[in-house]
Every structure is written in structure tokens, then in C-alpha cells.
Amino acid sequence: MSRQPVAVDIPDAARLAGVSQSLIRRAIHTTGRDAFPPPLPARRKGSGPSAPILIRVKDLDDWVARFPAA
């Protein structure tokens with residue numbers, strides 16, 4: 001049995017969501033509720049600008065669910 005990760009880095013988040021890494025990065029820095037892309041919560045694992053950014057899979061799922069239907 002394989003365990004699902006609790007959090008993923010930006011490349012994995014982009015792959016799981018089917019979007020580009022740049023869209024994930026823009027969403028992390030978005031603050032407006034009605035902005036596109038919607039805000040995506042993320043945290044650095046460690047300190048400093050080179051520490052990896054992690055996104056909880058639950059937050060990523062919620063983020064994708066906020067996209068308008070195609």
C-alpha cells in the first residue's frame with residue numbers, strides 16, 4: 001500500500017493540478033479573493049529564500065475545485 005503525500009512541492013502540485021508551475025507560483029502570491037488564479041496557501045519548509053515551498057494536497061484539491069467549469 002502506498003501512502004499519499006500530505007504536501008507536495010511546486011512541480012508536483014502543477015503536475016497534479018494539470019497546470020503550469022508559473023500558474024502555481026502566481027496563485028501562491030495572489031491575495032485577492034476574486035483574483036485569477038485564486039489564492040493558494042503554501043509554506044516554506046525551512047527558512048530562507050531557497051527553502052522549498054510546500055503545498056498541502058488538500059489545499060491544492062480545494063484550489064482546483066474553485067476553478068470555473070469549462
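## Ground rules

This is a predicted model, in which local features need pLDDT of at least 70 and side-chain atom pairs count only at pLDDT 80 or more, while totals for chains, interfaces and linings use all residues. Residues are numbered from 1 along each chain as its sequence is written, and side-chain values use heavy atoms, with hydrogens and water left out.

## Two helices and their buried sides

Helices (H or I, at least four residues) and strands (E, at least two) are DSSP runs, numbered from the N terminus. Buried means under 20% relative accessible area, exposed over 50%, and partly exposed in between (1.4 Å probe, protein chains only).

In helix 3, Val57, Asp59, Leu60 and Trp63 are buried. These residues sit on the same side of helix 3 because their arc around the axis is only 155 degrees, taken from the directions from the helix axis to the C-beta atoms. Lys58 and Ala65 are exposed on the other side. The buried residues pack against strand 1 (7-9), helix 1, helix 2 and strand 3, where contact means heavy atoms within 4.5 Å.

## Salt bridges

The whole structure holds three salt bridges, each a side-chain nitrogen of Lys or Arg within 4 Å of a carboxyl oxygen of Asp or Glu. One joins arginine 56 and aspartate 59 at 3.0 Å, N to O; arginine 56 is partly exposed at 46%, whereas aspartate 59 is buried at 15%.

Another links aspartate 62 and lysine 58 (3.0 Å, N to O). Both lie in helix 3, four residues apart, about one turn of the helix.
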